[in-house]
Number of protein chains: 2
Amino acid sequence: METVEALGKFLPDVDRPNAGVFAWEDDDDGWVALRYDLTAPLARVYAQHRNDLPLPYRRYAMGPVWRNEKPGPGRFRQFYQCDADTVGTASVAADAEICMMLADTLEAVGIERGDYVVRINNRKVLNGVMEVAGILDPADPEKFAHERGIVLRAIDKLDRLGAEGVRALLGEGRTDDSGDRTEGAKLTDAQIAVVSGYVDSITWAQQQIRNDARIGNSEAIEQWNPYIIKSIERTVEASAQGVEGVAELRQIAGLCAAQGYGPDRIVIDPSVVRGLGYYTGPVFEAELTFEITDEKGRPRQFGSVAGGGRYDDLVKRFTGQAVPATGISIGVDRLLAALQAKGRIAADGQGPVVVTVMDRDRMSDYQAMATTLRQAGIRAEVYLGNPKNFGNQLKYADKRGSPVAIIQGEDEAARGVVQIKDLVLGAKIAETATLEEWKDQPAQFECPVDGLVEAVQKLIGRA
Amino acid sequence: METVEALGKFLPDVDRPNAGVFAWEDDDDGWVALRYDLTAPLARVYAQHRNDLPLPYRRYAMGPVWRNEKPGPGRFRQFYQCDADTVGTASVAADAEICMMLADTLEAVGIERGDYVVRINNRKVLNGVMEVAGILDPADPEKFAHERGIVLRAIDKLDRLGAEGVRALLGEGRTDDSGDRTEGAKLTDAQIAVVSGYVDSITWAQQQIRNDARIGNSEAIEQWNPYIIKSIERTVEASAQGVEGVAELRQIAGLCAAQGYGPDRIVIDPSVVRGLGYYTGPVFEAELTFEITDEKGRPRQFGSVAGGGRYDDLVKRFTGQAVPATGISIGVDRLLAALQAKGRIAADGQGPVVVTVMDRDRMSDYQAMATTLRQAGIRAEVYLGNPKNFGNQLKYADKRGSPVAIIQGEDEAARGVVQIKDLVLGAKIAETATLEEWKDQPAQFECPVDGLVEAVQKLIGRA
């Protein structure tokens, strides 16, 4: 929970300030809201505790965030983010470190190398392109904001629309295959030429890269990042901001390369935009590159699981003093979905051993069996429902995925034994076996009470 | 987030239904609110998914909950709970299991045996006392609700007020040491006699128990729970509900004893009340029994860290059908505070090795050193602030609790060596050493770059 002032105008969707959050009026604190990300609260916390925190301050955080939006498939009103940020340094070494850590993190949780790529761009480069095209006037930053929005969104979609599609959006607009019309930025021909030049440099470089990859030219692959940076350099050379952005990208790429993070893991991609209004320099996103099957059975790329960038002005609103900062936010739910899609989160198929209840007056004996099994490291539980119907007890064991049921009636108790029912084998026999096999492999057998752990261990070990 | 209907009237404070939660009106869903505990949402989830869940259904959950109350010391508007519940069984074996698990859990997180006790009572017993005293009419449960509230709150405070104090609250009321007046229930003498009889049985039994404990009569100690239950049995024998409650307590105590959980860990305490309106049978609370020092430096018992009980009517409001359930809720923040008070959460005193930056053009060399150290399992980080002022770098290392700083200037780089500054020894020397000692134990020494890991390991291992 944060005060609305603390969240301020840095809302998820810059086009709708003050929308998209859950907010209400509190008796004491005025308007309060649920945090919509972990970055705005970090800025508030840093401002509040800056005298006690080390400088620079590196921190990670994980927790739920809330967006007041229509829920949809894969789109929740509450979801989890995991963030890592460095506050208090303007050095792009911090940006490079964040990107390398992001790559390490994805591998650590089970995304294999080759299945992800961290893409990096720089807002200063994009601003440089806008400046050169004459749709960004540093002296009047609000001017042409509408046009810039259309242009940036178009560049962001380069992957999907291609250079031709982007060009259409720079001019009159574009009608997609379904007949939907997207309004264009209506730039002049000279303006379109600048932005198109930038876009063509990107597509041209990416074409070269695809060729290198196809023929496995590993020496060339190592040179991708410098090559891409060089390809866009000329477009922005008339803009001081653009030149600065290119220099920063070059430093970041150099630092990553020096630590052995090649462009197969961390790649400069000048088409990355990122939506949030507060980014001021390098921007990053991590994309998972493998294909999954969507709800309709069609193959598609998994897409983005993390995004971030440098936000040098966010802390200033609390302290008045500029505090540079950079960081990344991982969408935990999306990452889990990806791991699930790759079969990396196998639900533990085997449930607990179920100790059934034949005689409800001897509940403590049954609990003692469960305790004995647990103490031997075997998950176990006593059936706690109404024990009258034994079929319900076996149904419960089935629903819990239990490998084994323990049974002890009056007769067994008197003889100091238990019945051990092998539910895995039982299910197999019920499915496939002939009468012959059944005879040799009984799915239920008797053992002395003090041999319980050993007998169960043997059965479970087998699976 | 839940709809207000799902949270319903089962709000934390039954005296103020619909107060105490953060709620607002949503465009689509009507009134929604932040959950105030994990139990009401469990009831909703179980009702929603009951066809797919095993029966009985055991579940644990952990997460934040919210209360719209004035924050105070140790009293937050957002805090964490960790719950465990069993839904779908009326068997008190489930209650006993929850209590035993609670004891195990406290020990597992670091509360030693003897430092906690799980207290159990039964609402049916308390209702039995009220019935016998003539302030609970099963045919008209709302009647005398005000008086019962006063009586139950008085019993709940038996520990603090003593039998005399409770008796005063049953009659005209009571003025405490500070002069504050608490209104009494104004019961008749006959009614007071019933409730006082119950309270006296408890204090008498507890007196006996303290004697046993004092003289270390371990055989007697084992009999505490049966003894306490017996002592209150006569008071409620005229109430069917009371008799049922006593029988349930006896079963629970028997199951716990059979598993070896003696009254030193799980004790029957007929003065336990628990505030929540929805409990219908056994109620539990876990208390930490060691002393801590409060804000004003006075010693006091740490007190309750967990509470729960049986709530057989909570699911019914969704399904119409009674679904018995029982569970426990641990106050995670309070438990952490307790572990901190016991010194069980020692912050890792040692910070990361800090690689300082002497030459900002060789940032990738410094990052390579950090990477090398990390790959050897040593926490390390490069200083990312402005490297101009070397004093700031050492201040940073100090604030991070770093044991070692790595230094490599132009000269060292040319010779393939690094300077290793032992910050722990350095601090000691600065504090205490004479010039003689300083000579023999240099706090800074040189080593070849490829001996970095070994040298640092040696220094860190020493601490």
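Analyst: Copies are superposed by least squares on the C-alpha atoms of residues with pLDDT of at least 70 in both. This is a predicted model, in which local features need pLDDT of at least 70 and side-chain atom pairs count only at pLDDT 80 or more, while totals for chains, interfaces and linings use all residues. Residues are numbered from 1 along each chain as its sequence is written, and chains are lettered from A and ligands numbered from 1 in the order in which they are written.

Chain A is superposed on chain B by a rotation of 180° with 0.0 Å of shift along the axis, at an RMSD of 0.1 Å. That is the relation of a two-fold axis, and the C-alpha of chain A nearest this axis belongs to Trp24(A), at 3.1 Å. The same surface serves both copies, since 100% of the contact residues of chain A recur in chain B, where two residues are in contact if their C-beta atoms, placed from the backbone, lie within 7 Å.

The contact takes 28 residues from chain A and 28 residues from chain B. On the side of chain A that touches chain B, the elements giving two or more residues are strand 5 (78-87), helix 3, helix 10, helix 13 (363-375) and helix 14 (390-399); helices (H or I, at least four residues) and strands (E, at least two) are DSSP runs, numbered from the N terminus. Helix 13 of chain A gives the largest share, five residues. By class, that side has 15 nonpolar, eleven polar and two charged residues, with Ala, Val, Leu, Ile, Met, Phe, Trp, Tyr, Cys and Pro counted as nonpolar, Asp, Glu, Lys and Arg as charged, and the others, Gly among them, as polar.
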